[in-house]
Every structure is written in structure tokens, then in C-alpha cells.
Amino acid sequence: MAEAVFHPPRRKRRVFESYESPFPVGAGAKDFRMCQAEIINNNVVVRNPEDIEQLYNKGYFGKGILSRSRPVYSISDPSLVAKWQGANVNMPIIASKKYQYHVQWAKSILREQGFDDCSVTRILENYTKPLELPFLQEHGAEQTDNSCNRMGPNTENTELPRQSSTYTGNVVALSPEDQDEGCKEACLEGNPESDPVAVWGSQEQERGDLKEGAEGPCQKHGFPGHCGCKAKGSAQQGPCEMIKSKECAPEYVLVQEEEEDGLCPEDGSAHAQGHVVKKEKLVCRRNPFRIFEYLQLSLEEAFFLVYALGCLSIYYGEEPLTIVKLWEFFSEVKPNFKTTYMAYHYFRSRGWVPKVGLKYGTDLLLYRKGPAFYHASYSVIAELVDDNFEGSLRRPLSWKSLSGLNRTTVNASKELMLCYLIRPSDMSEKEMSTPECMKRIKVQELIVTRWVSSRERSEQDEL
């Protein structure tokens, strides 16, 4: 057997972020922080924005459910933000067509709750009506208007009017009267058991569970909804309650809308040539269907954070799960979890950043430093065998399938690695029921490369 040759990882051409140190080990470290996750539909999900930033920045754990990798999803349209950059607003800007999609999604949820079309229309009209925004003129006088107007034959090259050039607030604050009115409208004429404006923000949602109590709209375990009311609670709230209260708060967006086309009265040439002028404006409205960006951890990543680093607590319902219960639960959800986690733990301990290798037909992908800096160097297949390298292989590879998998890996500028986890012959299933069994596991790595006869002949000729 030839000795494997280590090839340096291929660095990405464009890197837009800086490298942060990985997680500190031990609760006595200076920057130690205990994060919190939940098990929802057999998936481990982190919802706290601070925990999401901590977990991803210091080790690239997890993946955003709405993003390609880093959780950076935003409802705001970047092209519209650049278009209206003179307004200096600190609110999401979306197109009218996209906002109508959110309205239609809210209508479908209301119909599933049993509301008739008349009630659905009335609820959404009251909830999404335009709100007034304060603006400052250039000379300092304050003006109240419900939109920022923009006029011109070419909307991309026009400028904002002077009297609405600067937005003075970040979030529109409702008065107590408006809050009470919004609560009555959203609760459908005093029905406290319905939550008509439900906001669900993940791919693991269950659409049948949409009703919450008026006293605690955030008390249910799952993804939240809101009805515009203030939840009754004690002054001292835990982290979970604080997260859910933020999710239940209304989201305000600026919607770019167009008025009816007309002629510009100030431009005589427009009258002469008959050019049609489009008038666009930004209208502040409440978003009836909120979409949240969460961090989804693989089972291996979640268990490593709990078992190896001790910086994550995973809740199932209201109770945090112990390490042994997590080991048993993950093994039931994923039958080959023990094998893949041992490989994950081994490579993480050696400084690699393992990620799920499903898109390349393998168990893991190994990155140096992180996916933001380097392409994956290895595609790993993990197998659990005994001392004689025998056992019930999860993926028995024939020469044909192995050659095809190797060709796919090489075409993606990676190398195929077989990771054999060797367990002693005298290890019982009872010992495998706890993660302490890893202390007796040995690891053997095998890199599969394609033999090229012409290359070997040229090397012999050089000798």
C-alpha cells in the first residue's frame, strides 16, 4: 500500500470575512457562553440571534435555514435598498409584489383557522394599513407623512424630494390606543383564542397548530405567532421568553408602491412629448407573515457542542436533555449516528471543520479553518469495523461504485477518504450505549486515489 501524499487545501479567491478563534473549552474561559437549542421535528434548531452568531462565527457550526451557509437572510431587497439609499431609513424595503405574497400566505393561514373570506379580508386590511412616519426637512422642521415620494421618467436615476430625505426613527412606536385597537382587530372582535396574524419562520413548521392564548401568545413550544397584543408576564423573563417576545413583536417594512401613471406638471417637455411619468413611494406597513432565519445544527454538530465543548444545552419541550439521552435519541433518529459522530469528533479534534457531505454522496466534508476560506479537501466515508476490519458495513462499495464515487470527488477537486473506526472485539452493545465507548475506539484513515499507469511509467523513467 502506497503512502498517502498530503495536498494543501485550495484557498478561495474571494474572502469577505475575518477568522475568529474557535470556541474556548471549559466553563472558566473568559468568552464562554452557554447557548440554547431546541429539538423541532427531529432537527436541532437555534433561534437566539446572539447564539446563532456565536456558534457560526466560532467554528462554523450549523447552517442557516434560509441561506446557503452563513445565516444572513434578510427580507429587504438589496436592489431597492441601493435605489432608496438617499432616504437614510433603517427599515427593510421590499417590493409591492413581494409584500402581496406575504399577505396571501397570511390569508391561507387564516382560512385554515376557520375564518371566512369576509373576516380574513377585514383583518388583513386593518393590520396592513399604512402607518405614518416622521420625517425631517433639511431646515429642521418635522413633517408627518405616510410615504416617501419619488417621481421621474426613469425611476433609477431620480432623487428623493428634499422634505423627506432623512428618516428619524428605527421602529415605528404605536400608542396604547393603537395597540389596543390592533389587538381587537387581530383577535377578531374579541375572540382571544384565535391568532389570525401568524408568523412562522422555518421549513419545519406545522401549519395545523396556529392557535394560541391571548394571555401568552409565545407560550407554545414551536414557531411563534402574534396578534399585536402585549403578552402578560413577569418583569423577570428568562432567555427563552425574551426570544419569543421579540419574535412576537410586529415587523415593520417599507413597501415600494406605484401610483397611477400621469404627466409631470413641472416639466413642459414631458407635456410636449407625451412621456408617462411613474410615481413611486415608500409606504410603511406591518408584515402579516414574518419569516425568521434560524440556525440548524446537524446531529453530530449538536452533540459535539454538548459533549465535547459543553457550551450548548438542547431542550425537548421544556426539559433539557442529558448527554446519555441525547446519545440515545440521536441514535434512534439516525441509525448510523454513532459511526458518523465518532468520525466527526475525531476530525474536529484534529483541527478540521467537518460539514455534512450529502451533496457529494459521502458522510462528511473536511475544511481547513472553515467553508469561507478554503474549499473542502476531503470527502469522508465512515465505517465501524472490528479488529479484523470486518463488520456489517453501512455502505458496501463495489469496484464500480467506488470508481464512480472517486471520479465525482476528483472532479470537485477533493480526495476520497475512507475512515475506519475500529472497535475492540470484546466491546459489548451496552458499552456502545454511552459516548464513553469512544475512549476505546481506534481510527484508521485510507485515501483512495486513481492509479494512472502513464504517470507511473514517467516517474520510473525519471529514476
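Reply: His375 is found in the loop between β15 and β16 (378-385), where strands (E, at least two residues) and helices (H or I, at least four) are DSSP runs numbered from the N terminus. This is a predicted model, in which local features need pLDDT of at least 70 and side-chain atom pairs count only at pLDDT 80 or more, while totals for chains, interfaces and linings use all residues. Residues are numbered from 1 along each chain as its sequence is written, and side-chain values use heavy atoms, with hydrogens and water left out.

His375 counts as partly exposed because its relative accessibility is 27%; buried means under 20% relative accessible area, exposed over 50%, and partly exposed in between (1.4 Å probe, protein chains only). Leaving aside residues up to four places away in sequence, His375 touches Arg10, Arg11, Lys12 and Tyr367, a contact being heavy atoms within 4.5 Å.

An unreviewed UniProt entry lists His375, together with Tyr367 and Lys414, under "active site"; such positions are given in the numbering used here, with feature names shortened, and annotations may be inferred rather than shown by experiment. These residues are spread over 48 residues of sequence, yet they cluster in space, with a largest C-alpha distance of 10.5 Å. Tyr367 lies in strand β15 (residues 364-368), and because its relative accessibility is 11%, Tyr367 counts as buried. With residues up to four places away in sequence again left out, Tyr367 touches Trp352, Val353, Lys355, Tyr374, His375 and Ala376.

Rings of Phe, Tyr and Trp (its six-membered ring) pair if their centres lie within 6.5 Å, and planes under 30 degrees apart count as stacked, over 60 as edge-to-face and the rest as tilted. The ring centres of Phe61 and Phe304 are 6.3 Å apart and their planes meet at 20°, so this pair is stacked. It joins distant parts of the chain, 243 residues apart, with Phe61 in the loop between α1 (49-57) and β3 (63-64) and Phe304 in helix α8 (residues 299-309). Both Phe61 and Phe304 are buried. Trp327 and Tyr341, by contrast, form an edge-to-face pair, because their planes stand at 85° with ring centres 6.2 Å apart. Trp327 belongs to helix α9 (residues 323-333) and Tyr341 to helix α10 (residues 337-349). At 0% relative accessibility, Trp327 is buried, and Tyr341 is buried with a relative accessible area of 0%.
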